[in-house]
Number of protein chains: 2
Amino acid sequence: MPIYVVGAGPGDPRLLTLWAVELLAKADVVAYGDLVPEEIVEKFAPQALRVKIGHKKADHDAAVKALIEEAARGKTVVVLKNGDPTIFGRGIQICKEASRHGVECLVIPGVSAFAAAAALYQLEITDGAELRHVALLSYPHFNAEILASIKADTVVVYMMGDKIAEVLDVAGKICGPAAEVFVCHSVSRGGGCVRLGTTPLADVKKPVLIIIRRCFKQ
Amino acid sequence: MPIYVVGAGPGDPRLLTLWAVELLAKADVVAYGDLVPEEIVEKFAPQALRVKIGHKKADHDAAVKALIEEAARGKTVVVLKNGDPTIFGRGIQICKEASRHGVECLVIPGVSAFAAAAALYQLEITDGAELRHVALLSYPHFNAEILASIKADTVVVYMMGDKIAEVLDVAGKICGPAAEVFVCHSVSRGGGCVRLGTTPLADVKKPVLIIIRRCFKQ
């Protein structure tokens, strides 16, 4: 059977796609990391064997190898990824590895956390005027040099949450006085986007998105 | 009743979210443009009055004004947007206008076309190594100067499809020899991503995404 790498959306079960629900309902094995809420797996794949996947590369790779073996043995395997599997999700890499072992593999997109934050908290990321484009970055590849070279009107930084101060410090150094910096957390799960300088940052749970608008406005 | 601005995903009905399905089922009025397949509205909101929205700003604004009046009269109004409503979708602008008229308005995110293209056609847009970041642009704000200033490893251009040659020409001038340019069309609706230089471009239906990887690779 194929392996399905499926986007679970940002956490609210209502943001699962119909396709994700259909695949979860027929899964023999569901593998997921700690960013996917247990209630999604409980509700939509109660019949499936559950496998937790670690975020560290070695743990992730070992888990993927075992899942490919399960699929090769005829099991329907769903790898459930927080958000969308192609936006910093390593979803396609899983399929590449599967195809090296002759196992069919499909990737099903999901609602990404940045789009959910923008929608649910009505934080414009494009407006067709001053916000013409959006760049998506992730923490391990974020620093002053990278931010300075990416001159997008809106910059989104995906991160785990333990380096927020560092990212904000970089933004403070690189961006002009028009910049608006937001810290979005627990997107679709009771969280929100807090504008820096307006509210103290407290009780911010991982994962976190930092959204910087108008960094490069003259 | 509130207005709901809802992402419909890229076109395949299986990429609707559960939340979109729930709102469509209770809608009195569903408004949508010509990028949303009729079959989605027929299947999930057979009870609703259908209103088509034009893409031109004046048509769009007039339609939104009428929809706000319907909501103020107590109707449940769903504005269904292709893809995600915040990524070049003017979704939040609709809610701003609604709130100026005292009408509650929510935006529900959807699966964006670029994530769907990446997933369904297994075209990596991030890989944690050479593809560290993604920039999203839209055609009216795409030209040589803008491309040259956005130094993202992956650049996605959202467009209607009648200016493909112009975008490809700009990419040819700005990008280095390592660049890989893909034209993605009819995403999730029987289309695919065609790599430029490998297959002739034929029968490309709007809307179109152009995905440029490694434009700035030295």
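This is a short tour of a predicted model, stop by stop.

**Colour by confidence**

Start with chain A and colour it by pLDDT. The mean for chain A is 93. Of its residues, 97% reach 70 or more. Where pLDDT is low, the predicted coordinates should not be read in detail. For the complex, the predictor gives an ipTM of 0.95. The pTM is 0.95.

**Select the contact between chain A and chain B**

Show both chains and pick out the residues in contact. Chain A brings 53 residues, and chain B brings 53 residues. About 4200 Å² is buried between the two chains. Carbon and sulfur atoms give 64% of that area. Now select A:Arg14, A:Leu18 and A:Trp19. Together they supply 15% of the area that chain A buries against chain B.

**Find the salt bridges**

How many salt bridges are counted between chain A and chain B? The count is two. Go to A:Lys96 and B:Glu124 and show their side chains. They meet in a salt bridge, at 2.7 Å from N to O. Side chains of opposite charge can pair when their charged atoms come close.

Next, stay within chain A and select A:Glu97 and A:Arg100. Their side chains also form a salt bridge, at 2.8 Å from N to O. Both residues sit in helix 4 (residues 91–100) of chain A. They are three residues apart there, so about one helical turn separates them. Over all chains, the structure holds 32 salt bridges.

**Open the second largest pocket**

Rolling a probe the size of a water molecule over the atoms shows where empty space is left. The second largest pocket has a volume of about 1200 Å³. It is lined by 48 residues. Select A:Leu35, A:His55, A:Phe88, A:Met160 and A:Pro207, the lining residues closest to its centre.

Which kinds of residue make up the lining? It divides into 23 nonpolar, 15 polar and 10 charged residues.

Finish with the strands of chain A. Highlight strand 2 (29–32), strand 4 (77–81), strand 7 (154–159) and strand 10 (208–213). Each supplies at least two residues of this pocket's lining. Strand 4 gives the most, with three residues.

Technical notes:
Residues numbered from 1 in each chain as written. Chains lettered and ligands numbered in written order. Predicted model: local features only at pLDDT ≥ 70, side-chain atom pairs only at ≥ 80, totals over all residues. Heavy atoms only, no water. 1 Å grid on protein atoms, 1.4 Å probe; cavity = no way out; pocket = protein on both sides within 12 Å on 5 of 7 lines; lining within 4 Å. Points joined across faces, edges and corners; volume = space filled by probe spheres on them. Helix = DSSP H or I, 4+ residues; strand = E, 2+ residues; numbered from the N terminus. Nonpolar A, V, L, I, M, F, W, Y, C, P; charged D, E, K, R; others polar. pLDDT = per-residue confidence, 0-100. Contact = heavy atoms within 4.5 Å. Buried area = accessible area lost by both parts, 1.4 Å probe. Salt bridge = Lys/Arg side-chain N within 4 Å of Asp/Glu carboxyl O.
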